[in-house]
Amino acid sequence: MRMVNFRTPYNAGRLALALAVVLLLGFFLLPNQLQSVFQEVGSPIGWVVSWPLRAVSGIQGGVADFWSSFVALQGAQEENLELRKELEQLKGQNSQLREAAAATARLTALLEFKGQEMFPMVAAQVIGRDTGNWYRAIILNKGESDGFRPDMGVVTPAGVVGRIVKTTAATSVVLLVTDPNNAIAGLVQRTRDEGIIEGTTSGLARLKYIPLLSTARAGDRVVTSGLVGGFPRGLSIGTITRIDKSEGALFQSAELIPEVDAGLVEEVLVIQSPNLQTESERSGTPKVKRKP
Amino acid sequence: MRTLVIAGLIAGLIPIQSVLLPHVAVWGVMPDLGLIVVCLAGFFGGELEGLLVGLAVGWIMGLFSAADLTVGMATKGIVGYLAGVAGRHIVYMTPVVLVLGLLAASCVSSLLTALVLTLNEQQDLWWALKTVVLPQAVFDGAVGGAFYWLAWSRLNIERFVSEYRT
């Protein structure tokens, strides 16, 4: 047992108390304004901290690569054979889909249907996870200086990963599609029923507000509807595993398995949709429309 | 000099918390090294230092989290201040006292966060208690206690503490 002298100068204690009270009042009275101020001021600090973050992430990635390349190769031959079989099946499906795509292109041209605009995408690397335990989020190695802004959609070739919620000069925080606080507009690909996709506390996702008369069933794929947020229509989100219909409810909901396992994602694509509001535009007063 | 050391410590804390600790997470919960640092700064440095370090750690960690910046700053600042107040009244510091202190501080911080954050309807207070607050408090106490015991038994922490406080 050791004896330690913990006494501090009396004035420091009073100063701390006064500072704590002022800051707490500020946090409670002006939360949004202070949030914006600290986010703006913290942007260059985020750039500085991103360097050790990238360094540690690089070392960790190197160790993980070494492990997966040389040590964890047991069963690779069996996996290779399985993948070859799957490849053969996919080749067959691919030729059918090419035919269907060609037919769609011909019909689209005939109807003079305006195709959906595709936004440019920028690749980014995952360099970390959320520093807290409350949200499921990942950190990207690119930020405001690369044109990233809050609400931009983040995807991989397999499907939707999440959306950006916070940026610094050199990093971005992406809230995953499996987080219960996330909401993405989606639709059931087969039935075209729209709804809102939220994460669940068990790490899956849920499509809410499906109409009661919908014939959606397990196995149906859910894609982005493109109506709200930074996602164009048709990006894969997940597959329905269960439909929940409670008595007296106005809507049904469906449990999904997301297409992307966010725990294994290393590289992502950020959709640079041009029509999103900036942080200051969102927190500021709405602009008055000018009369023509 | 002390400010530089603390700034360096915080800058080093983020990669460990964000890159390495997710690998040791149990049921998706990992210890909050920032909170441990804030508590130790409060214990050894007093209220003002605890508050300032808490605000700084909460701010920088908030930049790399989806949580509101101000919530992290407020909770860690309060915990740092309370650790400073507790430090004035504790005469004998043992690993057991530190573990219990960290357990309490972690519970206070997490409960404040759960109450202040606008969490989803699925995430009620009971959910927060059993999935985040209590597991994280146990983790924080264990990691902080182990660190303190290691520092006390292997390093000359008494000299470090007296130098830190002068």
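The model is a predicted one. R192(A) sits in the loop that runs between strand 7 and strand 8 of chain A. Its phi is near 65°, which is a positive value in a residue other than glycine.

D151(A) is not a glycine, yet it has a positive phi of about 85°. Its place is in the loop between strand 3 and strand 4 (153-156) of chain A. Is D151(A) exposed, partly exposed or buried? D151(A) counts as partly exposed because it has 18 C-beta neighbours inside 10 Å, and a residue needs 20 or more to be buried.

## The two chains in outline

Chain A contains four helices and 13 strands. Of its 292 residues, 33% count as buried. Among the contacts in chain A with a separation of 6 or more, 58% are between residues 24 or more positions apart.

Chain B has seven helices and one strand. Read from the N terminus on, its elements follow the order α-α-α-α-β-α-α-α. Chain B has 166 residues, and 52% of them count as buried. For contacts in chain B with a separation of 6 or more, the share that joins residues 24 or more positions apart is 69%.

## The barrel of chain A

In which order do the six strands of the barrel in chain A follow one another? The order is 7-8-9-12-11-10, and the pairing is antiparallel. On average, neighbouring strands of this sheet are turned by 40° against each other, with direction ignored.

Several of the pairings can be followed strand by strand. Strand 8 (residues 194-199) of chain A is joined to strand 9 (residues 205-211) of chain A by four bridges, and the two run antiparallel. Across this pair, E198(A) stands opposite R206(A) in strand 9 of chain A. The hairpin of these two strands has five residues between them, and G203(A) takes a positive phi near 90° there. Strand 9 of chain A also pairs with strand 12 (residues 251-258) of chain A, in the antiparallel sense and over five bridges. In this pairing, I210(A) has Q252(A) in strand 12 of chain A as its bridge partner.

Strand 10 (residues 221-224) of chain A pairs with strand 7 (residues 183-188) of chain A over three bridges, in the antiparallel sense. In that pair, G186(A) stands opposite T224(A) in strand 10 of chain A. Strand 10 of chain A is also joined by three bridges to strand 11 (residues 236-244) of chain A, again antiparallel. Here V222(A) has G238(A) of strand 11 of chain A opposite.

## Helix 1 of chain B

Helix 1 (residues 2-20) of chain B has 19 residues, so at 1.5 Å a residue it should span 27 Å.

## The nonpolar core

In soluble globular proteins, nonpolar side chains tend to be buried together. The largest nonpolar core in this model has 98 residues. Those with the most contacts inside it are V160(A), V161(A), V174(A), I237(A), V37(B), V38(B) and C39(B). Helix 3 (residues 47-63) of chain B gives the largest share of this core, eleven residues.

V37(B) can be looked at on its own. Apart from neighbours within four places in sequence, V37(B) is in contact with L9(B), L13(B), V53(B) and V57(B).

## Where chain A meets chain B

How many residues of chain A are in contact with chain B? There are 51, and they are in contact with 49 residues of chain B. The elements that give two or more residues to this side of chain A include helix 1 (10-29), strand 2 (121-129) and strand 5 (159-167) of chain A. Helix 2 of chain A supplies the largest share, 14 residues. By type, the residues on the side of chain A that touches chain B divide into 29 nonpolar, 17 polar and five charged.

Key
Residues numbered from 1 in each chain as written. Chains lettered and ligands numbered in written order. Predicted model: local features only at pLDDT ≥ 70, side-chain atom pairs only at ≥ 80, totals over all residues. Expected span 1.5 Å × (residues − 1). Pairing = 2+ DSSP bridges. Buried ≥ 20, exposed ≤ 12 C-beta atoms within 10 Å, placed from the backbone. Contact = placed C-beta atoms within 7 Å. Core = buried A, V, L, I, M, F, W, Y, C linked by C-beta atoms within 7 Å. Axes fitted to C-alpha atoms, helices over the stretch in contact; angles between N-to-C directions. Nonpolar A, V, L, I, M, F, W, Y, C, P; charged D, E, K, R; others polar.
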